[in-house]
Amino acid sequence: MKTANFKIKKHLRKMDIGYLKTKIMFFLFLILFIFAFSLYGQSQDQIEDIHTAVDEEDNSLFTQDKTWRGADGAATIDLGNGKILWLFSDTFIDAQATGKRNNSRMIRNSIAIQEGYGLKGANITFYHKGTREKPASFFELPGKTWFWTGHGTLINDKLILFLFEEKSTKTGIGFEAIGWYVAIIDNPYEDPLNWNIMYVKGIETFGVIVGSSAVLKDTDFIYAYGVTEPATHETYLLRMPIDKLIKGDITELEWWIEGDWKVRNTESPVPSPLFIGQTEFSVHFQQDLKKYIQIQTSGMGHASIGYRLAERPEGPWSELVIFYKPHLKSQKDFIYSANAHPEITADGILITYNINNSDFGELVRNEDIYFPKLIRMKITK
């Protein structure tokens with residue numbers, strides 16, 4: 001027992017513990033704000049049946065690497081030619097490659113490339129900057145702020161990613177989102193460590209973090225969902241012309257406001273949100289339903305996972321239908337960040353969610369949590 005405690009204490013000295021604790025406090029703090037919204041729309045009138053399945057073998061995709069020892073977030077983008085990009089936020093890196101989280105350091109974000117559209121037999125390679133001994137975040141800015149990953153898309157052989165910028169604070173929950181960026185990568189088919197990344201700082205969006213959630217595209221525009229931060233999570237849809245965006249010009253940003261696309265130059269009046277979401281969620285067109293489906297967690301703590309449906313990305317969206325409540329082993333576990341992954345071939349819709357724990361020591365010790373968890377969900381009309 002003394003040896004185990006010594007290892008954990010040594011690990012705690014190496015990591016930015018104050019940051020981790022404030023992040024845990026942040027997720028618990030959100031309960032007070034989100035609980036009322038989690039009661040919206042429990043009706044299942046629009047469907048006949050929902051099937052969910054859990055295959056523990058699916059989760060082995062994330063647990064085999066000896067260096068990458070878990071992360072939160074988990075969004076995916078199809079890179080073509082059988083390759084899928086995974087985007088992660090806070091990540092444990094084991095510098096000694098022992099495959100143990102309590103030997104790890106934490107970086108703000110990482111990525112992975114999956115080869116193969118199915119989970120069975122797929123290979124996945126994780127990437128971060130720096131070295132294994134001194135790991136650094138994959139996406140970084142100089143200074144004291146950092147990036148968490150949102151979502152993105154591949155278009156015209158360029159990879160467009162949305163990132164949200166965070167800073168530490170001496171008040172409140174200890175950190176807050178202060179803006180958003182677009183990362184434009186003009187050589188996405190090369191080794192990620194050789195990517196040419198151009199960072200474009202987002203324009204004023206009045207507390208809405210653009211692209212923290214799903215990103216869609218058509219022939220002319222990229223559409224990015226954004227939520228109000230911190231905490232309240234009113235959700236909006238914004239768009240930018242593709243021909244401008246790929247050149248780094250994001251000035252022609254439009255909002256979907258009261259049934260039309262409009263430029264918004266002032267904070268007031270505040271437009272009506274599409275719905276109350278979460279910082280991270282997914283939206284994609286589900287072919288068998290012939291509708292767009294949105295996946296998110298509902299509430300915090302021992303949260304549930306739900307979905308909404310719409311004919312168009314801008315809605316109107318149905319009320320939230322709760323379809324799955326993960327079983328948690330600890331009262332201190334909490335769930336967040338549910339995303340669907342339509343890029344991956346599955347019997348139904350493949351969904352990930354994250355499990356964290358308010359006891360930091362337990363988070364370090366327990367490697368059954370803080371790896372993305374996968375479930376499969378199918379709706380029968």
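A salt bridge is defined here as a side-chain nitrogen of Lys or Arg within 4 Å of a carboxyl oxygen of Asp or Glu. The structure is a predicted model, in which local features need pLDDT of at least 70 and side-chain atom pairs count only at pLDDT 80 or more, while totals for chains, interfaces and linings use all residues. Residues are numbered from 1 along each chain as its sequence is written, and side-chain values use heavy atoms, with hydrogens and water left out.

A search of the whole structure finds 11 salt bridges. One of them joins D58 to K120, at 3.7 Å from N to O. This pair links distant parts of the chain, 62 residues apart: D58 lies in the loop between β1 (49–53) and α3 (60–63), and K120 in the loop between β7 (110–115) and β8 (123–127). Helices (H or I, at least four residues) and strands (E, at least two) are DSSP runs, numbered from the N terminus. D58 is buried, with a relative accessible area of 3%; buried means under 20%, exposed over 50%, and partly exposed in between (1.4 Å probe, protein chains only). A network of salt bridges links D58, K120 and R376.

Attention now turns to a sheet. Strands β11, β12, β13 and β14 form an open sheet in that order, with antiparallel pairing; two strands pair if DSSP finds at least two bridges between them. The edge strands, β11 (146–155) and β14 (197–201), each pair on one side only. Five bridges join β13 (residues 175–185) to β14, and I184 stands opposite M198 in β14.

A salt bridge also connects K201 with E165, their closest N and O atoms being 3.6 Å apart. K201 belongs to strand β14 and E165 to strand β12 (residues 158–168). K201 is partly exposed at 48% relative accessible area, whereas E165 is buried at 6%.
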